[in-house]
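Here is a briefing on the structure shown below. Topics follow in turn, from confidence to single residues.

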Amino acid sequence: MTPGRPVPPPLGKPLVVSEETADPAPSAPAAAQGPPTLAAAYGATSAVSGLVPLTVARRAPKEDDVEIEIDFCGLCHSDVHATRGEWGAQSYPLVPGHEIVGRVRSVGSAVDDFAPGDLVGVGCLVDSCRECDSCLEGLEQYCERGNVGTYGVKDARNGDSITQGGYSTSVVVDRRFVLRVPDGLDPAAAAPLLCAGITTYSPLRYFDVEEGDVVGVVGLGGLGHMAVKIAKAMGAHVVVFTTSEAKFEAAIELGADDVILSKDPEAMEGANRSIDVIIDTVAAPHDLNPYFRTLRLNGALFQLGLPPTDMPPVSPGALIRRRLSYAGSLIGGIAETQEMLDFCAEHGVVSDVEVVTARQLNEAYDRMVAGDVKYRFVLDTKTLQPASEKADV
Ligand code: NAP
Ligand code: ZN
Ligand code: ZN
């Protein structure tokens, strides 16, 4: 790594759509389709409803679509923020879930890169404009016209319907946004790679982290534990900052080289000027200034957590005196997500998961908020109740 000099990652082929193969422009009406399939799901009907059984209508696959029978879907803290309305108004009913792994059930007539039976994944994106500079660079998450998230977002190419996520038995996604899950990855343990994995991989890769670099990880939850594993696989020395003394041993078992109790000012002082890059995954507002003091000259702190309310102010002096960068990062593009999956397969990296049933989802949300999960809950979609005869959404 060259500290302070972010380099673009050498990604796989970015998503480029030629005019002949491009779908109708987002403003065009959706192409005529067959009847939708009804899928069983769990979702929220209001910010205070908790998660309840729902039935979702999935569109009949269009020529570029892949119909996926979902096996597992990870539970991300973003699902909690979104379903509980913590990020502002939502469209309800809302089926969350963007860490999807399943098997291809059928493909549209123009799909030749996926076939029925393939093990595939879908992350946080199901579409983007496909033609702005960000999209053409393979950075669909930063689409200048707004990316189409896997749930809760208006899908202009599909009649302005609101996307519904992976706590469901099936989903239909354009082939360009479907990932290949490499052989050898356990499907349930691979599901969290589709958000927690790529969200932590992308900034580490952007900073070209390599052997000898010191990476700090703040918060040992779903994202945090993936950051530890991925940074270790990149050859870094990893320091975990946690508010939970009870996680010390577990952090070492995950591969961390050092663990620091962030509530202990003396321990924080001991880490002064020792770290190159910090990946901050905390889901609640917190003071970043003590972390800036742990960074070396030219160091950087990547904010990944998106708390519902503002954070305490950052001291400009802390940044200026060591030429530090305070940056943010949003998930990752499609090519980079595939690169991350292949990297994880090569290095044997998957998430530590606790598989839950549909009926355990509400309890799992409460446990996640309380920090009581090692380290990602994953829904087994076989436990969803059968779909009803009429769609709720
Ligand atoms: P998580 O599993 O709940 O982990 C969050 C961790 O933050 C906790 O395990 C805890 O670690 C730490 N924490 C400290 N104080 C906390 C508090 N008061 N409340 C909650 N957590 C606290 O969450 P996650 O799924 O990893 O997601 C983390 C954040 O990243 C969320 O805000 C989520 O929305 C956001 N996110 C962002 C992106 C992106 O693209 N930037 C993508 C996915 C998720 P310790 O016990 O070790 O202190
Ligand atoms: Zn997520
Ligand atoms: Zn775009």
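Helices (H or I, at least four residues) and strands (E, at least two) are DSSP runs, numbered from the N terminus. Proline 93, for example, sits in the loop between α1 and β4 (100–107). This is a predicted model, in which local features need pLDDT of at least 70, side-chain atom pairs count only at pLDDT 80 or more, and totals for chains, interfaces and linings use all residues. Residues are numbered from 1 along each chain as its sequence is written, while chains are lettered from A and ligands numbered from 1 in the order in which they are written.

**Confidence**

- pLDDT is the predictor's confidence in each residue, from 0 to 100.
- The protein chain has an average pLDDT of 93, and 92% of the residues score at least 70.
- Residues 2–22 have a pLDDT below 50. Beyond near neighbours in sequence, this stretch has 39 contacts in the model. Two residues are in contact if their C-beta atoms, placed from the backbone, lie within 7 Å.
- Where pLDDT is low, the predicted coordinates should not be read in detail.

**Domains**

- The protein chain is assigned domain 1 (37–194 + 350–383) and domain 2 (196–328). Such bounds come from an automatic or database domain assignment.
- The centres of domain 1 and domain 2, taken over C-alpha atoms, are separated by 27 Å.
- Domain 1 puts 15 residues into the contact, and domain 2 puts in 12 residues.
- On the side of domain 1 that touches domain 2, there are 6 nonpolar, 5 polar and 4 charged residues. In this scheme Ala, Val, Leu, Ile, Met, Phe, Trp, Tyr, Cys and Pro count as nonpolar, Asp, Glu, Lys and Arg as charged, and the others, Gly among them, as polar.

**Ligand 1**

- Ligand 1 is surrounded by 30 residues. The closest are His77, Gly219, Gly221, Thr242 and Ala284. A residue is near a molecule if its C-beta atom, placed from the backbone, lies within 6 Å of it.
- Elements that give two or more residues to this shell are α1 (77–83), α4 (196–206) and α5 (222–233).
- By class, the shell around ligand 1 holds 14 nonpolar, 15 polar and 1 charged.
- Ligand 1 lies between domain 1 (37–194 + 350–383) and domain 2 (196–328), because both give residues to its shell.

**Nonpolar core**

- A nonpolar core is a set of buried Ala, Val, Leu, Ile, Met, Phe, Trp, Tyr and Cys residues joined through C-beta atoms within 7 Å. A residue is buried if 20 or more other C-beta atoms lie within 10 Å of its own, exposed if 12 or fewer, and partly exposed in between, with C-beta atoms placed from the backbone.
- The largest nonpolar core has 109 residues. Val122, Val215, Ala231 and Val240 have the most contacts inside it.
- α5 gives the most to this core, with 6 residues.
- Domain 1 and domain 2 both give residues to this core, so it lies between them.
- Leaving aside neighbours within four places in sequence, valine 240 contacts Val217, Leu220, Val228, Ala251, Ala256 and Val259.

**Two buried loop residues**

- Serine 262 lies in the loop between β14 (258–261) and α7 (265–270). Serine 262 counts as buried because it has 22 C-beta neighbours inside 10 Å.
- Not counting residues up to four places away in sequence, serine 262 touches Phe241, Thr242, Thr243 and Met268.
- Valine 349 lies in the loop between α10 (334–347) and β18 (353–356). Valine 349 has 22 C-beta neighbours inside 10 Å, so it counts as buried.
- Valine 349 touches Lys229, Ile230, Ala233 and Cys344, again not counting residues up to four places away in sequence.

**Backbone geometry**

- Most residues other than glycine have a negative phi, and most peptide bonds are trans.
- The bond from tyrosine 92 to proline 93 is cis, with omega near -5 degrees.
- Lysine 374 and tyrosine 375 are also joined by a cis peptide bond, with omega about -15 degrees. Tyrosine 375 is in the loop between α11 (361–369) and β19 (376–380).
- Arginine 273 has a positive phi, near 55 degrees. Arginine 273 is in the loop between α7 and β15 (275–280). Arginine 273 is exposed, with 11 other C-beta atoms within 10 Å.
- Asparagine 298 has a positive phi of about 70 degrees. Asparagine 298 is in strand β16 (residues 295–303) and counts as partly exposed, with 15 C-beta neighbours inside 10 Å.
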